[in-house]
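Here is a friendly walk through the pockets, helices and aromatic rings of one protein model. Please have the viewer open as you read.

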Amino acid sequence: LHRTLRVMFGVAVVRDKKHLVLQIISIPLFFVVGILINVYSVVLSLLLKWVQNLTWVHVLFPEILLKLFLNISNAISFLTFFGFIYLIYHVLAPRKNADWKNSLSMSLVISLFFTALKTIFGDLIKITATLNPIYGAFSSLFGFLAWIFLAYIILLAGSRALYHLES
């Protein structure tokens with residue numbers, strides 16, 4: 001990712017200690033944060049759906065309030081994607097003149113794409129798991145690999161668009 005971003009933004013290799021530490025730590029850190037975002041989103045949505053299925057909750061709270069809570073979990077998921085991508089574009093990308101407005105706008109657009117891709121991937125996994133449980137598990141593995149590939153393509157397309165915004 002570092003080399004790809006460096007080539008996209010046309011920046012030479014910097015050999016100081018700060019950039020070396022950033023390159024060594026950032027990839028495992030972003031990988032772990034990405035996994036934690038997905039786990040957090042899944043646990044939060046399962047918890048909210050479990051609360052929604054309780055009978056006494058429907059007595060105490062109206063249905064519209066329960067739907068609002070489900071939308072809040074989607075908003076939290078979107079905001080975590082947004083913050084994650086903003087850090088990649090503003091901190092990790094080797095840009096010459098890093099304008100926070102460009103990083104913010106491109107992070108917003110790309111996080112919308114990521115949220116849509118996450119929703120589509122979740123729906124596809126549900127469909128394949130219900131059609132045939134055995135083959136659905138195998139197809140979810142290939143679907144996950146395709147999701148990683150598409151996520152990387154979206155991330156790189158956003159960094160290229162950010163490069164064109166700044167030049």
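H5 gives the most to the lining of the largest pocket, with eight residues. Helices here are DSSP runs (H or I, at least four residues) numbered from the N terminus. This is a predicted model, where local features need pLDDT of at least 70 and side-chain atom pairs count only at pLDDT 80 or more, while totals for chains, interfaces and linings use all residues. Residues are numbered from 1 along each chain as its sequence is written, and side-chain values use heavy atoms, with hydrogens and water left out.

A pocket is an open set of points on a 1 Å grid over the protein atoms alone, where a 1.4 Å probe fits, with protein on both sides within 12 Å along at least five of seven lines; lining residues have an atom within 4 Å of a point. Volume is the space filled by probe spheres set on the points. Nonpolar means Ala, Val, Leu, Ile, Met, Phe, Trp, Tyr, Cys and Pro, charged means Asp, Glu, Lys and Arg, and the others, Gly among them, are polar.

| Pocket | Volume | Lining by class |
|---|---|---|
| Largest pocket | about 770 Å³ | eight nonpolar, 10 polar, four charged |
| Second largest pocket | about 650 Å³ | 18 nonpolar, two polar, no charged |

Of the 20 residues lining the second largest pocket, Phe30, Phe31, Gly34, Phe84 and Trp147 are closest to its centre. H2 gives the most to this second lining, with eight residues. Back in the largest pocket, 22 residues form the lining, and Ser41, Val42, Ser45, Lys118 and Gly122 lie nearest the centre.

How far does H6 reach from its first C-alpha to its last? H6 has 34 residues and covers 48 Å, close to the 50 Å expected at 1.5 Å a residue; the expected span is 1.5 Å times one less than the number of residues.

Now for the rings. Rings of Phe, Tyr and Trp (its six-membered ring) pair if their centres lie within 6.5 Å, with planes under 30 degrees apart stacked, over 60 edge-to-face and the rest tilted. The count comes to four aromatic pairs. Phe121 and Phe144 have ring centres 6.5 Å apart and planes at 50°, so they are tilted. Phe121 sits in helix H5 and Phe144 in helix H6, 23 residues apart. Phe144 also stacks with Trp147, at 6.3 Å centre to centre and 15° between the planes.

Buried means under 20% relative accessible area, exposed over 50%, and partly exposed in between (1.4 Å probe, protein chains only). Trp147 is buried at 13%, whereas Phe121 is partly exposed at 21% and Phe144 is partly exposed at 37%.

Definitions and conventions
Helix = DSSP H or I, 4+ residues; strand = E, 2+ residues; numbered from the N terminus.
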